[in-house]
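Here is a short tour of one protein chain, written for someone new to reading structures. Have the sequence and the 3D view ready, and follow along.

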Amino acid sequence: MKTVLFYLTIFFLSINLWAQSTQKDSVTNRIEKLDEVLIKSVRVEADSPITHSNLSKEELATRNLGQDIPVLLNYLPGVVTTSDAGAGVGYTYIRVRGSDASRVNVTLNGIPFNDAESQGSFWVNLPDFASSVENLQLQRGVGTSTNGSGAFGASLNLLTDAVSEVANAGIGNSFGSYGTRRHHLKFSTGLLNDHFEVAGRLSAIASDGYIDRASSDLKSYFLQAAYVDNHTLIKAIAFGGHNITYQSWNGIDEETLNTDRRFNPIGFQYDTEGNFQGFYDNEVDDYKQDHYQLHWNQKYTNNWSTNLGLNYTYGRGFFEQYVDEWYYGNVLFSNQATLVFLGVDPITVNGEDITQTDYIRRRWLDNDFYVVNASANYKNNNLDIDFGGFYSLYDGDHFGEIIWAENPIGFQKGGRYYFGNGKKNEITVFGKTTYNITDKWSAFLDLQGRFISYETSGLTSDRVPLEVDEDYAFFNPKAGATFQINTEHQLYASYARANREPRRSDFENGIDTAERLNDVELGWRLAKNKTIVNTNIYYMWYRDQLVLTGALDDVGAPIRATSGESYRLGIEIDADITLSDKFIIKPNVAISTNKNKDFVTSRDGALVNLGDTNISYSPEIVAGNMLIYRPLKNLQLGFLSKFVGEQYMGNIDSKTSILDSFFVNDLNIVYEIKDIPVFTSVVLTGLINNVFDEEYASNGYFFTFDDDFSNPGTVTTVEGAGFYPQAGINFLAGATLKF
């Protein structure tokens, strides 16, 4: 692998050096900012036939007080966000058009951020990353071709800080409800000798969490060294984070939701008779992740440019659990407390035969992720072509350690009770073309081939052998057209296909079938005077979609099942309307129907065809609004509203699985003080979340199980649900001192 990376690097660097020496002085004006070209291959232009939204650094900054990026994206069309700890710090998640985070493809400077095996994106590993984001683009639906796992709900690509020409620094501190606090230091040297820049950020975030004991202790860094001239941009970037969060992924049942909504059931300790003994104080997730990127963008002429990206990501960490053994009647509550589960023979202690024991375990992930990403761009007045390739290698170990046991069961501290490995190779090639046919018509074509190899060995965390050796080859075509009616009105239409491989947990559940999605988008854009309106209709139909069942595994991750045929049909509207010099409104609404066709499930011991059912976690209406008032040049007040309609947490339309609708409003205040000694400015920011103190749950889970004990000889399906309550009225306030 290292040899392959070495020769690929030499090859592309040689091309760059040759072109630079032969065309060094041929261009004096840059058509595009070199920073933007770093992510050009995964982004679309404003008039592209792809449904998308953009957010700038300035827009992110108005509410960036330590909450994770999913929370900062909450007011984009079709977006639903949630937080385990209930206050936006710690584990946070995003859904777009009903698709969960594992189906939202995320890239950082064009490099995949989603975990290669679980396909999820865990922002808790990069706390305060929003403070190092220059801008981002969220493409809804399949979108354009990108790197990493295929997008089934959306693509989110982020560009980190651009090179600053002027030296600057800033110190930011914020404090808020539930012991939440953020501290960060950020700096840039500006351009030294007109070519070199060094910039960086250090951040620390802590919170007690709205949910009991759902604490977070988060640290992160970002360091960038850059070389830039008229034709060349080279960036070496290192960033990462360390999170220690007390687990809160179990949620609570409906009765507890009504009586003690902040209760956290994780960490329970019992004696052998089932008597409560307190909570284990170190039931935590402890994970570190470091990213190292090298980007070289070279512009040769007004028409040609290339980009080379290299990446290495190192992730390692564990979550710690106290495993109890206790009985309810004659039933053992935790089968993982048995010696049989641990692969240990029964032992005798003080003349008593022991077949189960309490113990403390750590379940580890230790992984390496390598990427080579190269692309070239040709552009003239009528033609814009991007083409390139992507290669990645993921190598991840999964293992469990026992660090303490109540009885001498033969494990030394740190002894492993399971070990497994997963290796994933991916090669992607793509070509994208936008052609201006006339002044009014432009056409878009995007062809991508993805080739994936996935192998596993060893045991799962349940100590079950997992032997996978699968190869997938996908062809993902995309095409569209844009029609410029006049200077104010624009129409577009597009078709896209995406194929997607299963993730590790799917293989553990016996699923090896790939998913297929076809996505049709029709849109109308209006830009008139001070009004911008974007409207689009979409129809997404799936074959073998892996829908969330509503149930969770023993680490709080959603379990999926194949639904056969399914579809999503919806309309999305968003606007940016300047009412006056002082008032701006930014409303959006997404209305959809999301159905499984002829859904089959097990009920009371038999398979039943339920016909068409609602897809889980897919509300029919999601709406938001931002009302911005600027009474003074340096003062901005924002009243932010979000409505999420009722949704089912399962796919069988059970009333038990209903997650109620909610309507939440926030108040945002930003005041900048300029022309003061020492500082270039002081920015004061305030955020009052949930100003009307709405009691709501933004997420939950639903499960069924077959009960064949209550009435011997019969099987009865029992249903249950859990919920993740979010904080009532709470606040964050901060000050940033800029030098």
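**A buried asparagine**

The side chain of N651 makes a polar contact with the side chain of N596, at 3.1 Å; a polar contact is a pair of N or O atoms within 3.5 Å, where, within protein, one must be able to donate a hydrogen and the other to accept it, and residues adjacent in sequence count only if both atoms are side-chain atoms. This is a predicted model, in which local features need pLDDT of at least 70, side-chain atom pairs count only at pLDDT 80 or more, and totals for chains, interfaces and linings use all residues. Residues are numbered from 1 along each chain as its sequence is written, and side-chain values use heavy atoms, with hydrogens and water left out.

- You will find N651 in the loop between β38 (647-648) and β39 (658-659); strands are DSSP runs of E with at least two residues, helices are runs of H or I with at least four, and both are numbered from the N terminus.
- N651 is buried, with a relative accessible area of 4%; buried means under 20%, exposed over 50%, and partly exposed in between (1.4 Å probe, protein chains only).
- Not counting residues up to four places away in sequence, N651 touches several residues, including V547, F599 and I615; contact means heavy atoms within 4.5 Å.

**The nonpolar cores**

- The largest nonpolar core has 27 residues, and those with the most contacts inside it are L108, W123, F129, L156 and L158.
- Among the elements that give two or more residues to this core are α4 (69-72), β4 (104-108) and β7 (154-160).
- A nonpolar core is a set of buried Ala, Val, Leu, Ile, Met, Phe, Trp, Tyr and Cys residues joined through side-chain atoms within 4.5 Å.
- F129 touches I69, L108, W123, L158, T160, R201 and F239, leaving out residues up to four places away in sequence.

**An open sheet**

- In the order β1-β6-β7-β4-β5, 5 strands form an open sheet with mixed pairing; two strands pair if DSSP finds at least two bridges between them.
- The edge strands, each pairing on one side only, are β1 (52-56) and β5 (111-112).
- β6 and β7 run antiparallel and are joined by 7 bridges.
- T107 lies in strand β4 and is buried, with a relative accessible area of 0%.

**Confidence**

- The chain averages a pLDDT of 91, and 93% of the residues score at least 70; pLDDT is the predictor's confidence in each residue, from 0 to 100.
- Over residues 1-32 the pLDDT is below 50.
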